[in-house]
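Please read it with the model open.

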Amino acid sequence: MDDTGGRRYPAKPARVYLFGTCLIDLFCPEAGMDAVRLLEREGIEVDFPPDQTCCGQPAHSSGFPDQTRAVALAQLRLFPEPWPVVVPSGSCAGMMRHHYPKVFADDPALLAEAQALAERVFELSEFLLEVARVRFSDQGPPARVALHTSCAARREMGTQVHARALLDQLPAVEVAMHGHESECCGFGGTFSLKHPAISSAMAGDKVEALKETGAETFLSADCGCMLNLNHTLQKRGESLQGQHLASFLWQRTGGQGGRR
Amino acid sequence: MSDRDDILQRLRAAPRGKAPLLPDVSAFHAALAAGMPASTPAARRTLFCEKMAFWHGEVVRVTHDSWPEKLRELCLAKGVRSLLCGERHAVALRGAGIEGLKTYDRPLEEWKAELFQNIEAGLTSTRGGIAETGTLIIWPDASEPRLLSLVPPIHFALLDARQIYDNLFTAMSEQGWSAGMPTNALLVSGPSKTADIQVTLAYGAHGPKELIVLLLVDEEELA
Amino acid sequence: MNTQALRFVPASEFKERAAAAVADEHLRHSFRGAMDFLIGKRAAQFPDPVALEQQRALAEHIRKYSLARLPDLLEQLERKLTENGIQVHWAADPEQANRIIIDIARRHSTRLMVKGKSMVSEEIELNHAMADAGMEALESDMGEYIVQLDGEKPSHIIMPAIHKTKQEIARLFAERVPGAGYTESVDELIGIGRAVLREKFMSADIGLSGVNFAVAETGTLCLVENEGNGRMCTTVPDVHIAITGIEKVVEKLEHVPPLFGLLTRSATGQAITTYFNMISGPRRPGEKDGPREMHLVLVDNGRTQAYSDEQLRSTLQCIRCGACMNHCPVYTRIGGHAYGTTYPGPIGEIISPHMLGLAATHVLPTASSLCGACGEVCPVRIPIPDLLIRLRGEAQHDERPGHFPMLGQGAAKSRVIDAIWAGWAALYTRPALYRAFGWLATRFRALTPPMQSGWTVSRTPLKPAGQTLHERMAARKRP
C-alpha cells in the first residue's frame, strides 16, 4: 500500500487536525507554524490537539513494539472528529498511515480505529495539492532549488510527486535534479547514532550531490533529513542550508497575501 | 531422528496460515497477450533475429536443401578444420563434403582430450526458438550429446523458423515439457560470456565464443 | 594457485570493518560505479511500472504458494528425483552437508572437485571442509575463481569479484597462474581463466553446482548462468553433486518462467542468461556424456527456523538476484566483505540471523536506514524493512508467547537500552510531562550537550529551538 498513485481524495474541508511531529516540535517549530499558515490561508481552520507527542516511529524502527504501541495508542484517539489529519513530515505520515494498522493488527477494535485514522492521514504537500487544491502565485525572484525527499515520503507517501507539483506552480523557481536523487540521506533515525561511519558517508555523498546542483537552497518535507543534512553542511563549513518545504512555500508565495 | 525427518517435521509443525491458491501462470500470459498485437510467425522470427543479434549470436538464413552446403561455406570462411556433429546429420554433412567432419559417436571418456583440444566447431539441432529473448531450445540426446553445444569454440545450431515461440511459457506448454523432461534440456541465448572482470563483457568464458544459428526458411523467403 | 579456503569473519566486528570500508576511497568508488551500472541495467528492463508490479505480484504468489506447500513439495521432489536416478540427501546443518559431500567424494577417490557457482556451498564453507579432508575444491565461475585465487570470499552474490579492478586481476593472474603474463585486456584475462579451467574440467572427478529452481512435478534442477562453467561442472565429471537450500523448490515447471524472467532482469538487467540448464537425471544408457551419478543435497541451515514464523517465512521467498544489495545505500558504501557473512546486503541482514543465530549477527539488521530501496526492487516482494525491524526486536527481547524462540533470541538485550526506551515511552505517553520536557529543553537549549554520540561525528550538535511548536500553538489560542 502506498500513495504514489490511486488514492481517492476528499473535498476540501473546513477544518483539519495538525500532527506536528516531535522533531518539528522541538527543533523546527517554524516549519510547523508555516504549515499552519499555508493551511489557514486556504481558509482551512487548523486544530492542534495539545496532547500529541510523537507518532512512535523511533521505537518502531528500533524494534521496541510495546513502547511503539503505547506511544501510538496515546495519539490514536486525539483526532475524534472526521477531519483530515495533516502531517508536515512524510515519514511520520507514513508511520500513521501505513504502520499503525500493523501495530494494532492483533486487536480488532484498535485495528479498526487505526485504519479509520490512517484513511484521514495526509502528508502536508499531498494535502495542499490534492485536497486543498492550492493555486500558488509566485512572489519571489528567480531561484534554483534542489529537493530532497525522505525515503518514507517517497516510498510510502509519494511526496516527491506532490512536492514537485507544488513547486511547479512557482514559475520563477527552478527545481534542479541532483545525482542519486532517490537515495537515502543516511538519517534513518537511530541508524545515524548506531552506525555513524556509514550514516556520515551517506550524508556526505548527499550534500555533495546537492551542492553540485548549484542550488541556493534545498528543500525537504521531512525535518529528520533536513537536520541531518544541515548539521552535516554546517560541520563542513558549507553555506548551503536546507529549508522545510512548508517554510519555502509560505515565504515564496508572499505570506498572508499570497493566495491567488 | 534423521535430518530428513527432522526437517520435514519442523516444516509441518509451522503455523499454516492462509494457503494461497494455485498461481494461474496461463491466465497471466493470456492477459499479457491480449494487450499486444496478435503474434505472427513473421513477427516472431523478426524478434528472434533481433534478440539473437543482441546476444552476439549470428543468424544465417538457409533452406532445408541447401543448409549443409551453406555450413561448408561457413566453416571454410571461419577456417574451421574440424566440425563435430551428431549421428543425425552425419550423412547430410558428409554429402556436402565438409572437411574434418567428426561424429560424436563414442562415450566422452574415450576421447575427452580430443574433444576439448581438437574440435573447432559443433553442430546441433534445436527443438525451437523463443522470440521474446532470442533463445534456442536444445534437448541433447544419444545422437547429439550435451557437450556438442558447449565444448567446441564455435556452435552452429539448426533452427526451423516455423518453430519459434513467443516466450518460454508458450514453448514449454505447447511442447508439453511437463509430461516428461529429458536428462538435460537447455536454453541457449548467444555465445558464452562473462562480465565478472570490472563488469566488462567478454565472450567465450568457458563455452563457445561464437554462436551461429542456421535458420531454416522456405526457398522463396531466401530470395 | 591459492586454494586455501577461508572461514568467514565474525559479523560482530561489522562496525569496525564498515568504518574501514567507508574510509577506503577506492572501494567506495568501485562499488558505487558497479552498483550504478547494475541499477541502470535493471531499470532498462522494466520500462513499464504497472507491468512490473503485475510480474512481481505473480512471482510473489508463486513463491508464497510454493512455501505454503513446502514439506509436500520436498517429498514430491525427492520422489521424482529418485525415479529419475538422482540420489537425494538431507542436511540439517553445514556439518552434515559437508559430511555427505565428502563421503561421496571419498567413495570416488576424488582429488579434484570443480565447482559451479553455489552460494549454499559458501554457506557451509565446503571448500574449507574439502581442504581439511585432503581434497581440492576449485571454483570455476570466473569471478569466484578470481577471489579464490586471491584467497578471498565473494563480495557480491552475483558478481563475486566486483570489488576488484582489472589491474588487480592482471597482477593476480601474472603472479599466481603459471605461464600467464601481465595483461590488462579483459578478453585476454578471461582467455587465461578459460585455458586453466578447461584443463580442470577435464581432470575433475566431481562437479558441484547450486540450484536456482528445483521443480517437483518433473524432478528437474534448473541452473542459471552466462559462462558455461555450470554446464561444464554438471556434464563433464563422472559425478555431479547439486546442493541447495530447501526453499528453492517449486511445484510446476510452468512456475519457473515468471521467476526466471524476474531473476535475470533484476540481477544483471538481462532478459535471459546465456544458459538455462535443466537437469532431470544422470546419463542414461546410450547417452554419450553427462555424469553417471547424480546427487542432490537439500540443506536446512536455519531455514526451518525462518519458516516456523509466518512473517519471517517471507525471507525464504528470495530467489537470490542480488537486486537488494545493488540498490542498498549501505551495501554500496561498505561492499560485501564488511558484513562478514555469506550473504551480504539486505538479504544477508535478514537471512544470516537464521543461519548463524542472533548472538553473532544482531548488529546486521541494524545496519540499515530502513530507506526501503531493497523492498521496492525485490522481485518477489519480500518486505525486507519490516523483517529488519522484526529482527531488531527479536534480538533485544525474549520470545513472545506463541512464537518459537530464535537462535540467539534476546542476544542484544541491554538494561540500559531497555531503560532508555521505557523512559522514552513514559515521556511520550504523558502529554503534560512531554510539554514540560519541551519547555525545559527549549529554555535550557544553551545546555544541550555538544557531543551527541554518533551524531556529532560528522555533524554539528542538535539544538532545540527557542520555543516548541506546542507552546507557539497554545499561544495563538490566547491572542
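The points below go from the whole assembly to single elements.

1. Ground rules. This is a predicted model: local features need pLDDT of at least 70, side-chain atom pairs count only at pLDDT 80 or more, and totals for chains, interfaces and linings use all residues. Residues are numbered from 1 along each chain as its sequence is written, and chains are lettered from A, with ligands numbered from 1, in the order in which they are written.

2. Which chains touch. Two residues are in contact if their C-beta atoms, placed from the backbone, lie within 7 Å. Chains A and B do not touch; 15 Å separates their nearest C-alpha atoms.

3. Chain A against chain C. Chain A gives 50 residues to this contact and chain C gives 47 residues. Elements giving two or more residues on the chain A side include α2 (29-41), α4 (65-76) and α12 (223-235). The largest share, 8 residues, comes from α11(A). Helices (H or I, at least four residues) and strands (E, at least two) are DSSP runs, numbered from the N terminus.

4. An unreviewed UniProt entry marks "domain: Cysteine-rich" over residues 17-97 and 145-229 of chain A. UniProt positions are in the numbering used here, feature names are shortened, and annotations may be inferred rather than shown by experiment. Residues 17-97 are 54% helix and 10% strand, with end C-alpha atoms 15 Å apart. Residues 145-229 are 53% helix and 14% strand, and their end C-alpha atoms are also 15 Å apart.

5. The sheet of chain B. Its 6 strands form an open, parallel sheet in the order β1-β12-β7-β4-β2-β3. Strands pair if DSSP finds at least two bridges between them. β1 (57-62) and β3 (101-103) of chain B are at the edges with a single partner strand each, so one side of each has no neighbour in the sheet. The twist averages 25° from one strand to the next.

6. Strands β2 (residues 83-85) and β4 (residues 121-125) of chain B run parallel and are joined by 2 bridges. L83(B) has A121(B) as its bridge partner in β4(B).

7. One residue of chain C. A373(C) lies in helix α18 (residues 373-377). Is A373(C) buried or exposed? A373(C) is buried, with 29 other C-beta atoms within 10 Å. The cut-offs are 20 or more for buried, 12 or fewer for exposed, and partly exposed in between, with C-beta atoms placed from the backbone. Not counting residues up to four places away in sequence, A373(C) touches H327(C), C328(C) and P329(C).

Definitions and conventions: Axes fitted to C-alpha atoms, helices over the stretch in contact; angles between N-to-C directions.
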